[in-house]
Amino acid sequence: IADNIVDEANLKVSNSAVNGYMLTAQSGNTGGLTWAEAGGGAWNLLSTVTASDDARIDCSLSGSYSNYAIILSGVSPVTDNTQLLVRMSTASVTSDGGTGRYRYVTRSSLDDGGNNEYQSQGDTKGKIVGDSLGNAAGESLEATIQIGHDSDHQNSTRLNILSAHTDNAGSSCTNNACVVYNPRVAVTKVNFFMSGGNVNYGIFKIYGIS
């Protein structure tokens, strides 16, 4: 066989390929080969977006994964005392800001002993953190966001958020949050933006979880 001839279409495999799956040996199946989900819960880096004075950061959920994660590092606003918000894009709507599309709850603990809670049963956006971010040196946000992605669209899309940041008063804060996007449709992108002004800086890494 000449070089560069055998490709996916020329393999005798028992099923169709899925992005992120690996080829496994299955002696009882056609061809003895089967595409299967990778074991071990591998995190597959899909893309990295770096903010630089942007009005909105779009993180694409590419591939056919059942779960995704977005890691935020060093996120800071141009405008002091603003909040990091989120909306969803679908195949038909870019950054959906429809009335009552989002439900959320965020709970934070501050290093001065304070606790804050923010919630909504129907809003035009979700809140990553309820407390405000600062734009001074060292005032930034780190967060891990896990996303369940139901390919059959039987459930709403939920964001499970764990974050830490320094607020606009210099306090260290931890935050747990949940954002639910009510429409039961496939989400193609997660859109991040500030409650006022642009996103000054931040690294957004998007992973598909096998």
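This is a predicted model: local features need pLDDT of at least 70, side-chain atom pairs count only at pLDDT 80 or more; totals for chains, interfaces and linings use all residues.

Colleague: Thanks! Which residue does glutamate 117 form a salt bridge with?
Modeller: The partner is arginine 107, and the closest N and O atoms are 2.8 Å apart. The pair links distant parts of the chain, with glutamate 117 in strand 8 (residues 115-123) and arginine 107 in strand 7 (residues 102-110), ten residues apart. A salt bridge here is a side-chain nitrogen of Lys or Arg within 4 Å of a carboxyl oxygen of Asp or Glu.

Colleague: And why does arginine 107 count as exposed?
Modeller: Because its relative accessibility is 52%.

Colleague: How many salt bridges are there in the whole structure?
Modeller: The search finds four. One of them joins aspartate 58 and arginine 56, with 2.8 Å between the closest N and O atoms. Aspartate 58 is partly exposed at 26% relative accessible area, and arginine 56 is also partly exposed, at 34%.

Colleague: What about arginine 101, which side chain does it meet?
Modeller: Arginine 101 meets aspartate 96 in a salt bridge of 3.3 Å, N to O. Aspartate 96 counts as buried because its relative accessibility is 5%, while arginine 101 is partly exposed at 32%.

Colleague: OK, zooming out. How many helices and strands does the protein have?
Modeller: Zero helices and 14 strands. These are DSSP runs numbered from the N terminus: helices are H or I with at least four residues, strands are E with at least two.

Colleague: How big a box do the C-alpha atoms fill?
Modeller: Roughly 65 × 35 × 30 Å, taken along the principal axes. Of the 210 residues, 39% count as buried.

Colleague: What share of the contacts comes from residues 24 or more positions apart?
Modeller: Those account for 69% of the contacts with a separation of 6 or more, where contact means heavy atoms within 4.5 Å.

Colleague: Can you show me one residue's contacts? Which ones does threonine 157 have?
Modeller: Leaving aside neighbours within four places in sequence, threonine 157 is in contact with Ile147, Gly148, Val179, Val180, Tyr181, Val185 and Val187. Threonine 157 sits in strand 11 (residues 157-166) and counts as buried, at 5% relative accessibility.

Colleague: Now the surface. Which residues make the nonpolar patch?
Modeller: Ile1, Ile5, Val6, Leu11 and Leu23 make a patch of about 490 Å². Patches take residues with over 30% relative accessible area and no salt bridge, joining nonpolar side chains (Val, Leu, Ile, Met, Phe, Trp, Tyr) within 5 Å and like charges within 9 Å.

Colleague: Where is isoleucine 1 placed?
Modeller: Isoleucine 1 lies in the segment before strand 1 (21-25). It is exposed, with a relative accessible area of 88%.

Methods:
Residues are numbered from 1 along each chain as its sequence is written. Side-chain values use heavy atoms; hydrogens and water are left out. Buried means under 20% relative accessible area, exposed over 50%, partly exposed in between (1.4 Å probe, protein chains only). Accessible areas come from the Shrake-Rupley method with a 1.4 Å probe; for residues, only the protein chains shown count as cover.
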